[in-house]
Amino acid sequence: REDAPRWSCGLLSSNPPRVGVARAWTGFRGAARACAPRFGALKRACTRCRQGGRRGVAENIMSVAPDAAAAPLLHDVSKVGHRRDVTQLLLRVVLGVAAVASLVAVVGFASAMDSRDNARSRAVGRRLGRLGQAPSVPAVAPTETSSAAVPRLPIYFHIEKTGGTSLVLYLMSLLASTPDQSALVQRTRSEDALFDSDLREANLLCPGSAAFLTTVFADNAASFTTFPKPLKDSSAESWNDCLLATSHQGQALQTIVRADMARVGSNERAFIPLGMFRDPVQFEQAAWRSELFMYHDDRASLDWGTLSDNKFGTLISGEDLGDFSDGGKFATIMRETHCKNNRDNNYQTKKLIDDVWWRFQERMDGGEDLDLVHAEAVDIALDRVQDLAWVGLTHRYEESVCVLSFALRRNPKNTAGTNYDRGNLIGPAFKGNHPHSGDAFEGDMSDALKQELYECNAMDTLLVKTAQRRFGENLDEMTRELNAAVTGNALVTSKGFEAEDLEPLPYLKCLDDARARQDAGVGFEPEGVAAVASVGAEQ
């Protein structure tokens, strides 16, 4: 793949006697994937690998790591040159058996999965891992509605600490179609209360969705033995009319939503998948400022307990909260607990593939090669980034929402009236944990510590790099279309949504305003992102 050609080739050529042809192939693409359609892309990637000579993986994958030894999760590509002949032989063999291997892998995988008892939790997990397939759930006949009249459904998987709460508020502001809906969004952003139930009742949010929290299941969900369990406030009418599906759930949210639609007999709606990502170093800083609340294994190792055991805002002193120096408490816990445990790092990647991640974690816990497991996991994650209809970046939030507005063909909103008004809502005891609402900067850090954190989060680093590339491509395409429309005194092309805004000038003004705020320092690109931006770039 373009994003990691040398990593792909290095993986395929690594230790062929130990890994074996079939495992090197199916392991790289994943047991559930057909091999043959991907072979041409892999062959081209390895051609680029050979053309690139012996340039280190760390140089390509992570610019902050100067050599392969500095990136422990990646293979030592100094051996790739010695294995080039082996690689070529391996490719010839794989080309001959690719069709057979793909058929055996897919049929065998499906047969093994279907043979399990569906009531067992392991079987349930594997059904979720079969990408593109909805789990088997009791369903009723869909309501009679013309498919042309069924609107597409934006579905945003909200990764914690990426600015997602403000993004959900922005999305609801964009999609609101009545004054009452718009007023409810304003109450949600400016009052110290949870309005998720009201937002679902108003059809701003879909059943089970939440602006601040994870997926909300029905009150009697514990009585159900199947998964996914029914969602809160679910009905066919709600699924037909709701405007946004979102929660602190990852890719599994799509499976859960599809299952609930089938359960209540609503019309099936096409998804518009949305995702926003953050520089891995900033992400760790933001997690620290929130006392690592979503890092359950780290909190257990630190004996911090749950949020019920220790009230939020009591575990980290005010001095330590903003101290990101090399010898501070943050650096010590990152090195000695977070990165060493290797369970809560790479959080964004794990969130994106949360429906299948448990399988990779089991293999690592069982002693399998970390390089191989991480390569398989990140490969699925990168494909999913490519499949997103919109990709946002926390450190370029203002421009991101302009691109989002254009993608949905909705007149852009002023973020000053949509961002979560955290500064006025959080009491003095919590302000240190959430010092700002207007930009992504979390505090100064040395280059050496940043390098350690990029290495610790190698999968997230590659993920964010890929997201940045997608964002840049979408922004360029949007700008070209808008300028062409202005030059030709025309409207932008329709996407088939209801109540579209096709005048180009509001979108161009949105971009101009976003860049003016960035130039003024309201939102700016932090130092660490420059390193991520060059990840995988051709030299």
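Modeller: Start with E399. E399 is buried, at a relative accessible area of 4%. This is a predicted model. The partner of E399 is R515, and the closest N and O atoms of this salt bridge lie 3.1 Å apart. R515 counts as partly exposed because its relative accessibility is 32%, and buried would require under 20%.

Next, R384. R384 forms a salt bridge with D355, with 2.8 Å between the closest N and O atoms. Here too distant parts of the chain are linked: R384 belongs to helix α19 (residues 370-387), while D355 lies in the loop between α17 (347-352) and α18 (357-365), 29 residues apart. R384 and D355 are both buried.

Then E191. E191 bridges to R187, the closest N and O atoms being 3.0 Å apart. E191 is partly exposed, with a relative accessible area of 30%. R187 is partly exposed as well, at 40%.

There is also a network. Salt bridges link D297, R343 and D365.

Now the setting. The structure holds 17 salt bridges. The protein has 25 helices and four strands. Of its 539 residues, 53% count as buried. Among contacts with a separation of 6 or more, 76% come from residues 24 or more positions apart. The accessible surface comes to about 22800 Å², and carbon and sulfur atoms account for 52% of that.

Conventions
Residues are numbered from 1 along each chain as its sequence is written. This is a predicted model: local features need pLDDT of at least 70, side-chain atom pairs count only at pLDDT 80 or more; totals for chains, interfaces and linings use all residues. Side-chain values use heavy atoms; hydrogens and water are left out. Helices (H or I, at least four residues) and strands (E, at least two) are DSSP runs, numbered from the N terminus. Buried means under 20% relative accessible area, exposed over 50%, partly exposed in between (1.4 Å probe, protein chains only). Contact means heavy atoms within 4.5 Å. Accessible areas come from the Shrake-Rupley method with a 1.4 Å probe; for residues, only the protein chains shown count as cover. A salt bridge is a side-chain nitrogen of Lys or Arg within 4 Å of a carboxyl oxygen of Asp or Glu.
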